[in-house]
Amino acid sequence: MLIAIVFVISVGSFYLIHLLPGNITTVIEGPGASPENQAKLFKLLGLNKPIYEQYFIWIGNVLRGNLGVSFISQTSVASTIGSALPIDLEIILLSQIIAFAFAIPLAMRSARKPDGWLDRILSATSFTLLSVPSFIIIVLLVLFVSVKLAIPHTGPSSYVSFGQDWIINLDSMALPAITLAAGSFVLYFRVLRSDLIATLQEEFITMARSKGISQRRILWRHALRPSSVALLGTAGVNIGGLLAGGFIVEYLLDIPGLGYTLIQAIDTSDYLLVQGIVLVVSVGVVLINFFFDFIINIIDPRISRE
Amino acid sequence: MSNFGQFYAEEEIIHVEKPEKREPLGILFWVCVGWIGLNIIGAIFANVLPLINPLTQNYNALNAGPSLHHLFGTDDLGRDIFSRVVYGSRISLSVGAGAMLIGFGVGAPLGMLAAYRRGRFDSILTNVMYVLLAFPAIIATIAILSFWTPRSLLKIIVVIGVASIPLVYRVIRTATLSVATKDYVIAAKVQGATDRRILFRELMPNVAPIAISFLLIGVATVIALEGALAFLGLSVLPPTPSWGNMINESRTILQQNPWLAVFPSLAMILFLLSLNFIGDRLRHHFDVTEVKL
C-alpha cells in the first residue's frame, strides 16, 4: 500500500512539469537561458525519449538525491529543501505540543461534565474557531498582537536557527506556532471530547468507579488510552492541512521555511524547485500518516487484526 | 485549513437511525440560512445592486475609514471595500459551489453504487480511492495550480473539485453501506424491486441527510481553501476581488488600514460559520448519531 501510494505521488510530481505550456526547457530556465544550459536540462529530463523512460531517468536522479538545479539561484534544489525543511518541522512540532497541551486537559474537563458551563463555553468557542481559517487567524494576530505590542518582525535574512540562539529562535517561532496550534487545538479538543464522553459510559469505567478509583486516575489511565486512538487518527490526517497552513503563516511572517520557499518559487516560476518541494512534502505527509497508523496499532492492537 | 481534518474526523463515525423524535432546528439555524441566502443573492445580483464599482479608484479617499458613503471604508487605492466584499463573494461562492458540484456529481453516485453493488467493482474502486486519499489534497491542489498556467477560475474549480472526489466517495459509500443492509432494503429486494427503485427510493432518501450536511461543510472547506490559494498567489488575479485576495492585499498595510483586513475576514468567518452551523444542526436534526462503524 505504502509503495503504491509513493509510486502514485512520484508519477504525479514527475508529470507536473509536463503540464507547462510550450517548450519545457525554455519555460523552466527562462527565455534568456543559454543553449548549453537548455541542452543540459534537456538531457537531465531525457526529453527526447518516450515518457515512461523519462520517468525512470527522473526517478533514478531523485533516488540519488538529485532534484535538479534551480535556474534562478543556481543552487541545487535538494540542498535548498534541506535547509528549509527543519524550520517547518520545528514550527509543526511546537504547534502540536501546544495544541495537545491544551486540548487533552480541557477535553477531559469538558467530558467530565458534558453540558456543564465550561463544556458549553469551550464547545461554542471551538465551533466558532473551526470556521476561522489559519490565514485569518494570523492576520488578526498580527493586527492585534504584533502591531499593538510592536513585536519585532524578523525577515528571512535575519532568521536565527535553533542551534545558533534558541531564545531568539523560539521568540520568532512563537507567533506561527500559536497560529497553527489554534487550528489543531480546536480539532483535537472536539474529537477527544466526544470520544471521551462515549468512553466514559463504557462498562469498564463504571467498574473502575465502583472500585473507588479517583476521577483523575480514571480519566488519565483508563479513558485516555482508548480515546487517544481517535485523537491520533485525527492528528495524522491533520498533518497535510497543517503543512499548508504553515506555508501561509511562514509566508506572512517572512520565515524562510518550505512554504516561504515554495511561494517564492511559484512567483519566480522556479518550476524544478516547486516540483521538488511538492514531492518531498507529499511523501513526507504519507510517511507521517503511516507512522501514526503504526502508533495507533500499538495502542489498540485490535485495529490491525480486523 | 484545519477544516480538512474535520472531514476525516467526522465522516468515519456516521451511522443513520430513523429518528423517533426530531430535535428542533432552532432560530439560530434559520438566521444562518437567511445569512447564506443574503450572501447568495448579493453575489448573483452584485452588478444590479446600487454598489460603487469595485474597481473604481477614488484618489480623494485612500484608506478611508467606514462612512455613510463607503460603508466599510476604502482600500489603499481608494476602492470601496463594501462593494469589493460583495463582489468578492462571487469568487468564493462559485468556487465553493462549483467544486462541490464536481465532487458530489462524480463521487456520490460512485460511492452509492459501490456500496450497493459490492463485489469486485467496489473493492477495486475503493482501493483506488484510498490510494488517492493518501495523496495530500491540499499539496496536490497547490502543485497542479502552480504548473497549470495560465490560471483561471474554471481551472481552480476543476482542480479542487476533482481533488475532493475521493473524500466524497468515501463518505457516501460509508453512509450507503450502513443503510444498504437495513431490513427495509432487504424487504424491497425480496419483493422484486428494481435496482433503480432501491437506489432512488430506498437508499437515496436515507443517505441524503448525511450528504447534505457533508456538502455544507465541504463548501465551507473549499471556500477556506480558495482563500489560502489566494494567499499563495494561486487564485484569481488582482484586481478581481475575492475574500482571500483582499485579506492577502491587506497584510502589507495592516497598520494604516486595519479595515481592509477586518471586513473581508469577517465576511468569510460569518459565511463559513453559518455553513458549519447549518450542517451541524441538520446532522443533529436527522439524528445522524455518531456511532463508530
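So, α3 (residues 81–117) and α8 (residues 195–231) of chain B pack at about 145°, axes 9 Å apart. Helices here are DSSP runs of H or I, at least four residues, numbered from the N terminus; the axes are lines fitted to C-alpha atoms over the stretch in contact, and angles run from 0 to 180 degrees between N-to-C directions. This is a predicted model, so local features need pLDDT of at least 70 and side-chain atom pairs 80 or more, while totals for chains, interfaces and linings use all residues. Residues count from 1 along each chain as written, and chains are lettered from A in the order written.

Who does the touching? On α3(B), the residues include Val95(B), Met100(B) and Phe104(B), and on α8(B) they include Leu203(B), Val207(B) and Glu226(B). Contact means C-beta atoms, placed from the backbone, within 7 Å. That set splits into 17 nonpolar, four polar and one charged. Nonpolar is Ala, Val, Leu, Ile, Met, Phe, Trp, Tyr, Cys and Pro; charged is Asp, Glu, Lys and Arg; the others, Gly among them, are polar.

Zooming out, chain B has ten helices and zero strands. In chain B, 72% of the contacts with a separation of 6 or more join residues 24 or more positions apart.

Now the chain contact: 49 residues from chain A, 42 from chain B. On the chain A side, α10(A) gives the largest share, ten residues. That side divides into 35 nonpolar, 13 polar and one charged.

Conventions: Helix = DSSP H or I, 4+ residues; strand = E, 2+ residues; numbered from the N terminus. Contact = placed C-beta atoms within 7 Å.
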